[in-house]
Amino acid sequence: MLKKKITDAFEPLATLFFPPHCAHCQTRLEAGRDFCGDCEARIERIKVPRCESCSQPYDCATGEFTCPNCRGEAFYFECAVAVVRSRSLIRDLIHRIKYGKEIWLARVLAQIAAEGLEDSRLEDEEFDALVPVPLHPKRLREREYNQAAVIAENLSRRSGIPVLCALERLRYTTTQTALDRKNRRQNLRNAFSVVKNADVTNKNLLLVDDVLTTGSTLDACAAVLLERGASSVRALTVARG
Ligand SMILES: [Zn+2]
Ligand SMILES: [Zn+2]
């Protein structure tokens, strides 16, 4: 809490030296905003109706529902909440943080992710830790940071939920195309492991990542955390593909 107060206290000073610009089009802005009106209007937030499990929006659905993709498949996570669609400028921001070394965008993306903490599927949960989806060490060396981890750190600063880097990625790439769905799941699950000294026993965990595509990465991470004694795993991503 004190840490948050100190960060907040210095924010006006930072604004004085770095006047805010739109994170996408660089238009000069008033303090306290990340996007200009035009760019903000292009961000598509995921609203109900959407799948309770994987957040896929379905315009024609009504009320609470689970999409056909999730119906037959019991994911290890309780739900995966995604805040916005991974389209246009959001896709661009995610590309820039991943491949353009623009680590500062973590704050902007965490601000969006923070909206997901108010989602009806997460708002009543007490999380013991935020767990970033890990990168393979080789990819981490290339990229210099794990975008999921820096987003989680920013999210931690606003929410007070600590970050626990509990997972590691053991395999660099997995050629998945030749495998059927069941084997693909097993194959991906073997790519992750809980790090030696991380204690996840009886913890309610929230996985954090930049983008959700099929949910299989989050599912694999949830599986290994539960195997090591976590009591529940949910997931929060900035965007959904
Ligand atoms: Zn703009
Ligand atoms: Zn679904």
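Donors are N, O and S atoms within 2.8 Å of the metal (3.2 Å for Na, K and Ca); water is not among the atoms, so sites may look incomplete. This is a predicted model, in which local features need pLDDT of at least 70, side-chain atom pairs count only at pLDDT 80 or more, and totals for chains, interfaces and linings use all residues. Residues are numbered from 1 along each chain as its sequence is written, chains are lettered from A and ligands numbered from 1 in the order in which they are written, and side-chain values use heavy atoms, leaving out hydrogens and water.

**View 1. Four cysteines hold the zinc ion (ligand 1).** Look for the SG atoms of C22, C25, C36 and C39, at 2.3 to 2.4 Å from the zinc ion. Along the sequence, these donor residues are spaced C-x2-C-x10-C-x2-C. The site is tetrahedral, with angles of 101 to 120° among the 4 donor atoms (four donors count as tetrahedral if all angles lie between 85 and 135 degrees).

**View 2. The zinc ion (ligand 2) has C51, C54, C67 and C70 as its protein donors.** Their SG atoms lie 2.2 to 2.3 Å from the zinc ion, and the spacing along the chain is C-x2-C-x12-C-x2-C. The arrangement is tetrahedral because the 4 donor atoms subtend angles of 103 to 113°. Both C51 and C54 are buried.

Terms used. Four donors count as tetrahedral if all angles lie between 85 and 135 degrees; four count as square planar and six as octahedral if opposite donors are over 155 degrees apart and all others between 65 and 115; anything else is irregular. Buried means under 20% relative accessible area, exposed over 50%, partly exposed in between (1.4 Å probe, protein chains only).
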